[in-house]
Amino acid sequence: MTTKVMQLPEEEYMLPGTRACSGCGLSLAYRHILKALGEKTILTIPACCLTVLHGLYPSTSVRLTNINTAFATTAASATGIAAGLKALGKTDYTVVGIAGDGGTFDIGIQALSAAAERNTDFLYICYDNEGYMNTGTQRSSATPMGAFTTTTPGTKLEHKKDILAIMEAHGIPYMASASPAYPLDLYDKVVKAKNIQGTRFMHINIPCPPGWGYPTDDLVKLGKLAVDTAMWVLLEIENGVLRLTGRSRSMARSGKKKPVSQYLQLQGRFKHITPEQIDYLQDWTDKRWQRFLQRHELSGTA
Amino acid sequence: MSKVQIINGNETAAMGAKLCRVQVIAAYPITPQSKIPETLIKYVESGELEAEFIRVESEHSALTVCISASTVGARVFTATAANGLAYMHEQLHWAAGARLPIVMALANRGLGAPWTIFNDMQDSISQRDTGWMQVYCRDNQEIMDSIIMAYKICEQLHVPMMVCFDGFVLSHTVMPVEIPDQKQVDAFLPPYVPHLQVDGPDPININPVMLADPRANAQGVSCPSYMGFRMRLQETLESAGDVILNVGREFGEVFGRSYECLLWEYRTEGADTILLTMGSLANEASLAVDALREKGWKAGAVALRVFRPFPAATLRQALSDAKHVVIFDKNISYGNEGATCTETKAALFEGGLRPTITNYIVGLGGKSVVAADLEAATIKAVEQKGQVSTPQWIGVAV
């Protein structure tokens, strides 16, 4: 059953005064992630937007211990934390690695694959703003087709890398896809993941005002459209069984889905997308949605 | 009750780590060190060593696992060589800057390109700027003893150390090694106390972004800048010599072999010609000195035991009566000369000493270099009166 907003813990682990941008999807997601994780958590964060959010020495806006680490290393750093704590008999901590799409899909993928293959006992959260936003909007392999970035000025020609398929190939016990536009669904997934042993992976859609080009107060509107168009899908995969959750699940029941153009045309980064690319993306999204529906049907929870 | 075993350098290094009761090991195989992780995993799986052994996918991850495990308070160990060390490079800087007492066994091997699997010191010498302490072993006994001492030194100073030994020459050569008694090692090594508590009452943001100037915290107290933290690392290394000597002396008192020195001297009394080396080459240098002395030369040998922090004052002292210093480097800083040569010249300059200095580049990629080579090179160096200022290479005739 989905937690209701009045049931969320009151404790704030993310204080006002973070260095995140106005309208940052990450700050909305992070606030709820940390509420779900609670006290006995050790974080490890690579060089990325979240490092900046955590603040400049000697002040920090986050009330949980964080071990900053090099860009490529999130999953290896988490592995070391888990191993060290285990060796010391300190078994009541949740070890959480949180990285952006750059640190997950690209430079960090080797360490992540290795940790997942070993079924390292930790939670890995990828906050995906679909580009190297901390360094000024260069493309990552998570950048969707058709998007402008400083290194794809003529729009990105390749599809977004399918990180869920890659992580599924590792046979890990739990994976989920979530959005800060649906914070209660996100919260519940983090709580669930926290209580599972082995490698848990979460993939979160993070709208980014400077990177995507939208008015800062449209964060939630945009996040909801991503899900309404099925360009982002809320789901869980537990021991290989996929089920849709929240809004995506309702969409599966109702059969209603908004056209991708409604989502794309609100963002400056898609200013130069061609009608052919939009049609292609609509077709690609439809087919992908169908595959999710088929798997969801088999979950027995449809 | 200690006993002697005939073991190679790799087995020695693994056994040293076991005696130090390391708690987390992350090491990736690379020739000529692969036997180290293999031996350690045998100890772990048999229960002889209670440790978490992480089968990482790369050296970069191996050092990262050590960094975060050490941060949370576990005693850690890794081992590598050559390109593996190079792959760790950014994390070497990280480990030292993060002030972590990580101990690494380093089986010296040359770097590609082109490929070599054999010995030279380019790998560790290339990392001398990172803030890691470096010791070089002449034989397998020194590997064992240096690893044990390393934990005591590192955990006092909160600085990491690499214990270097020549790949194949020592890693694969069996020698008698006296194995220290476990109880004695336990008494010698106090438990590791990290300088930050991750599970303390207040959460902490470890190694965050820092600015160039000191900044006040929420209580108005001025906190150091990036440069301030980096200066502290240097200050620690500048005073590390005393700690290294004290631990070396204490080791002698407990185990019977003293390391109360930063360099080794062989027949340097009254010597006017000194052969300077590091690592296993020191053994050949001693033989060369004997041969030269037979011929009536007043020759002696100095071998650096500690390369970082560089023992400038001690080296000046050892070379103060030398008219000729012949420096054999199993490495070269391309575009200049061998690293030991440069650093020795700098040390001598400080003391206003001006012996002739001749630099030989030897043994790269495992090229054999023996006492006769060192002897001949020394004779040549003195004939040249030190007037050849660029490095000369031994053993490259096609």
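The model is predicted: local features need pLDDT of at least 70, side-chain atom pairs count only at pLDDT 80 or more, and totals for chains, interfaces and linings use all residues. Residues are numbered from 1 along each chain as its sequence is written, while chains are lettered from A and ligands numbered from 1 in the order in which they are written.

**Chain A**

Chain A holds 12 helices and eight strands. Helices (H or I, at least four residues) and strands (E, at least two) are DSSP runs, numbered from the N terminus. With a radius of gyration of 18 Å, close to the 19 Å that the globule rule gives for 302 residues, chain A is as compact as a globular protein of that length. The radius is taken over C-alpha atoms, and the rule is 2.2 Å times the number of residues to the power 0.38. The C-alpha trace of chain A spans about 60 × 45 × 40 Å along its principal axes.

Of the 302 residues in chain A, 54% are buried. A residue is buried if 20 or more other C-beta atoms lie within 10 Å of its own, exposed if 12 or fewer, and partly exposed in between, with C-beta atoms placed from the backbone.

**Where the chains meet**

The interface joins 36 residues of chain A with 39 residues of chain B. Contact requires that the C-beta atoms of two residues, placed from the backbone, lie within 7 Å. On the chain A side, β1 (41–46), α2 (49–54), β2 (65–69), α3 (74–87) and α5 (109–117) each supply at least two residues. The largest share, 10 residues, comes from α3(A). This side of chain A divides into 16 nonpolar, 16 polar and four charged residues. Ala, Val, Leu, Ile, Met, Phe, Trp, Tyr, Cys and Pro count as nonpolar, Asp, Glu, Lys and Arg as charged, and the others, Gly among them, as polar.

**Two helix pairs**

Two packed helices are described by the angle between their axes and the distance between the axes. Axes are lines fitted to C-alpha atoms, for helices over the stretch in contact, and angles run from 0 to 180 degrees between N-to-C directions.

| Helix pair | Angle | Axis distance |
|---|---|---|
| α3(A) and α5(A) | about 40° | 6 Å |
| α1(B) and α7(B) | about 25° | 8 Å |

The angle makes α3(A) oblique to α5(A), whereas α1(B) and α7(B) are roughly parallel to each other. Angles under 35 degrees count as roughly parallel, over 145 as roughly antiparallel, 65 to 115 as roughly perpendicular and the rest as oblique.

In the chain A pair, residues of α3(A) including Thr74(A) and Ala75(A) meet residues of α5(A), among them Ala111(A) and Leu112(A). That contact divides into seven nonpolar, two polar and no charged residues.

**Backbone sites**

Most residues other than glycine have a negative phi, and most peptide bonds are trans. Thr137(A), not a glycine, has a positive phi of about 70°. Thr137(A) sits in the loop between β4 (122–128) and α6 (163–168) of chain A, and is buried, with 23 other C-beta atoms within 10 Å.

In chain B, His158(B) has a positive phi near 55°. His158(B) is partly exposed, with 19 other C-beta atoms within 10 Å.

Thr31(B) and Pro32(B) are joined by a cis peptide bond, with omega near 5°. A cis bond also joins Ala113(B) to Pro114(B), with omega about -10°.
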